[in-house]
Amino acid sequence: MRVLLTHKFFRLTGGAEVFFFETGKSLVNNGHEIAYFSTHHPDNITTEWNDYFIEPPAYDSKFLTERIFSLKNIIYSKNAKNAFSKLLHDFQPDIVHAFAIYTHLTPSIFEAAKEMGIPVVMSCNDYKHICPNYKLYDGTQLCEDCRGAKFYNAILKKCCKNSLAFSTASSLEAYVHNFMKVHEKYVDRFLFASQFMLDKTKSFWRDKDISYGVLKNPFKASDYNPVYSGEYALYFGRIIDEKGVDRLVEAAKLISIPIKIIGDGPDLEKLTRIARENNLSHVEFLGPMWGKDLDNVLYGARFVIVPSIWNENFPYVIFQAFAAGKPVLGSRRGGIPELIGEDRGLLFDPSNIQEMADSMTSMWEKPDECERMGLQAREYIVKEYSDEVFYNSIMSNYKAVLK
């Protein structure tokens with residue numbers, strides 16, 4: 001089978017890109033021919049398909065004229081459609097598997113596939129298909145105000161990067177795609193990693209005739225050597241409002257458990273200052289870390305905490321924690337409870353600082369229970385997210401549209 005994979009980025013920026021590249025590896029390892037379509041960037045991974053890639057839109061240019069000109073290209077890109085059509089013609093895929101394509105590539109590429117009679121499946125790792133700002137989170141709280149195609153609420157709230165310009169552009173994008181019936185006409189099957197996101201999408205699209213499937217993220221647990229003990233609590237990821245790191249710092253005021261925080265983001269400086277002003281000497285900010293450096297700190301943790309405020313899909317950090325033999329304290333948001341279950345960690349309400357602190361204390365004071373949960377977590381990730389399980393699932397979804 002020939003599969004054309006497309007995503008707006010061709011470099012590692014987060015868990016969504018890991019999912020994209022791991023999908024390609026799995027298909028190649030199982031004997032399929034793969035082609036890629038994306039945008040140019042200096043940090044892109046080298047590929048033979050680079051000549052088909054396009055330049056990304058200049059929506060964040062410092063020049064107003066360039067931003068205005070790029071507006072139409074982030075809604076419907078003729079350039080992307082033409083380049084994609086050429087790749088479709090040259091590669092002749094049996095199926096197109098799309099990931100995050102909004103803004104940079106646009107659904108115009110789906111139109112190109114439809115014109116050639118090639119089915120399209122789309123993996124959704126965020127809520128862009130139903131929410132102009134991707135998150136169902138307005139910057140302060142969970143939000144579903146755009147339900148029922150009321151996308152003007154994104155403008156009223158300026159919830160896209162806290163910018164009126166970005167919010168207006170994203171709202172217009174959503175209105176145009178809704179008017180064009182992009183999701184009904186051009187995507188043959190939508191795929192979700194979490195049941196939460198699937199159910200949430202169905203609740204938004206009650207009036208749409210949509211085919212749905214589940215495709216959980218693949219993960220190679222064998223890359224990790226589990227350590228079932230540790231000397232501190234650990235957070236690692238983006239330090240930004242929706243990740244709830246500020247709530248973690250507040251909870252730290254109520255406990256004395258050593259906490260290490262790895263990551264970078266717009267809230268790093270502010271939270272570092274708050275920790276210093278409150279004499280939280282047991283809270284240590286380590287900055288961004290990757291690869292083996294990150295793994296070494298992860299192995300030394302007793303448990304990992306994921307205090308997200310928004311409805312995260314399937315946070316990649318939980319996969320990493322489980323593979324390293326660490327239970328996870330996670331918020332009751334999105335797909336997080338599905339991963340943690342009843343025996344791989346504890347859940348808390350991220351708006352309840354005391355509950356978060358109590359959960360951390362409970363885990364800290366029961367090292368044997370932490371070890372038991374860590375063993376369960378490792379076993380779960382090995383069994384449920386192996387390449388074999390993932391490959392069988394992806395083939396099942398592909399065959400559902402190919403038949």
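Biologist: How many cavities of 30 Å³ or more are counted here?
Modeller: This is a predicted model, where local features need pLDDT of at least 70, side-chain atom pairs need 80 or more, and totals for chains, interfaces and linings use all residues. Residues are numbered from 1 along each chain as its sequence is written, and side-chain values use heavy atoms, without hydrogens and water. A cavity is a set of points, on a 1 Å grid over the protein atoms alone, where a 1.4 Å probe fits but cannot get out. By this rule the count is 1.

Biologist: How much space lies in the largest cavity?
Modeller: Its lining has 17 residues, meaning those with an atom within 4 Å of a point. Nearest the centre of this cavity lie Cys 131, Cys 143, Asp 145, Cys 146 and Cys 159. The space, as filled by probe spheres set on the points (joined across faces, edges and corners), is about 90 Å³.

Biologist: Which helix gives the most to the lining of the largest cavity?
Modeller: Helices (H or I, at least four residues) and strands (E, at least two) are DSSP runs, numbered from the N terminus. The helix you want spans residues 152–157 and gives 3 residues to that lining. Its name is α5.

Biologist: And which helix gives the most to the lining of the second largest pocket?
Modeller: A pocket is an open set with protein on both sides within 12 Å along at least five of seven lines. This one holds about 270 Å³ of space and is lined by 20 residues, with His 129, Phe 151, Asn 178, Trp 205 and Lys 208 nearest its centre. Giving 5 residues to the lining, the helix at residues 164–179 is α6.

Biologist: Let's turn to a strand. How many of the 5 residues of β4 are buried?
Modeller: Buried means under 20% relative accessible area, with a 1.4 Å probe and protein chains only. Strand β4 (residues 120–124) is largely enclosed by the rest of the structure, because the number of buried residues is 5.

Biologist: Which strand does β4 join over 4 bridges?
Modeller: Two strands pair if DSSP finds at least two bridges between them. Strand β3 (residues 95–98) pairs with β4 in the parallel sense over 3 bridges, and Val 96 stands opposite Val 120. Over 4 bridges, β4 runs parallel to the strand at residues 189–192. There Ser 123 stands opposite Leu 191, a residue of β5.

Notes:
Buried means under 20% relative accessible area, exposed over 50%, partly exposed in between (1.4 Å probe, protein chains only).
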